Amino acid sequence: SQLSIKDLHFDGVPMRIYLPGKPSASKRRGVVFLHGGCGIFGSIRSYERICRYIGRKSDSVVVSVGYHLAPEHKYPAQTLECLTATVHFLKTAETYGVDPARVIVCGDSVGGTFTASVCQELVHRTDIPKIRAQVLIYPFLQALNFNLPSHQKNAAIAFLSRERTVHFILKYLNRDCSLKEPILAGSHVPESINLKYRKWINPDLILDVFKLGYKPPPPTLFLPQVHEEVQELFETRVSPLLAEDAVVCGLPDTCIVTCEHDVLRDEGLLYKKRLEDNNVHVTWHHVEKGFHG
């Protein structure tokens, strides 16, 4: 009764829009919500309750994006559809009583990946309003190193184990799951790339409080054939942590949520540091005893 809900399409992308029922004296804030599910699960319907909750509690217009899922719709269709929907909403925000200067993009898990990617791709756009802020809820942000402290500590945590993380990535990219073990070991990354990105993806950058019991992994043998099979892992649409400083410095205010018992915890911590190093304002919420999902 507090919301008006409509299903529509923005440039071919399914959307569900949640409009507060009470009239407002001024233009409202807008939230573009990108759901999680590894790019292969999840839907507008499965995130119905949380989008209603956000709409009611924040008195905002919420747009839930029903991007088409992999592997039927091949990567990077998901990111591109999220980008299309976001751009369309920014251009038409006033139609829905939204101030286009007060639109945030929000997502959980791979929805956080899509959020980070969309905001990066919009950094240099001058033809549309700027995103006001991004909210990344335990996002997946890099596919180079699966031996960070949080990967080790939470390797066997229910729902999203270290092994399942890589399994789902390969499913998302429509790649053979036999590549899982060499990727977990780091055999897909040549030394030149490891050296290039060590300044951003490195256990030494994680606070000591999060490294209790961490053991550096043994050296691994680089396997060129595995590297050739998974080139997408090195693209910023899959690994937003690899974006250059020229992009990162232009990102909007950011809220990052991490959880203690989550293999992806350290990716959020590393992105937080990158953003702060580039003078982006970051609000960080760490959920002790929290877990992915």
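In this predicted model, Arg-237 forms a salt bridge with Glu-121, with 2.7 Å between the closest N and O atoms. The two residues come from distant parts of the chain, 116 residues apart: Arg-237 sits in the loop between α8 (224–229) and α9 (245–248), and Glu-121 in helix α3. Arg-237 is partly exposed, with a relative accessible area of 25%, and Glu-121 is also partly exposed, at 30%.

Helix α3 covers residues 110–121. Its 12 residues reach 16 Å from the first C-alpha to the last, close to the 16 Å expected at 1.5 Å a residue. Of the 12 residues, 11 are buried, so α3 is largely enclosed by the rest of the structure. Among the buried residues are Val-110, Phe-114, Val-118 and Gln-120.

The loop between α8 and α9 also holds Glu-232, whose side chain meets that of Arg-175 in a salt bridge (2.4 Å, N to O). Arg-175 lies in the loop between α5 (162–172) and α6 (180–185), so this pair ties together parts that are 57 residues apart in sequence. Glu-232 is buried, with a relative accessible area of 14%, whereas Arg-175 is partly exposed, at 26%.

A further salt bridge joins the side chains of Asp-7 and Arg-16. Asp-7 is exposed, with a relative accessible area of 54%, while Arg-16 is buried, at 17%. Both belong to a network of salt bridges that also includes Glu-48 and Arg-52. The count for the model comes to 16 salt bridges, including those tabulated here.

| Salt bridge | N to O distance |
|---|---|
| Arg-237 and Glu-121 | 2.7 Å |
| Glu-232 and Arg-175 | 2.4 Å |
| Asp-7 and Arg-16 | 2.6 Å |

Note on methods. Residues numbered from 1 in each chain as written. Predicted model: local features only at pLDDT ≥ 70, side-chain atom pairs only at ≥ 80, totals over all residues. Heavy atoms only, no water. Helix = DSSP H or I, 4+ residues; strand = E, 2+ residues; numbered from the N terminus. Expected span 1.5 Å × (residues − 1). Buried < 20%, exposed > 50% of the residue type's maximum accessible area, 1.4 Å probe, protein only. Salt bridge = Lys/Arg side-chain N within 4 Å of Asp/Glu carboxyl O.
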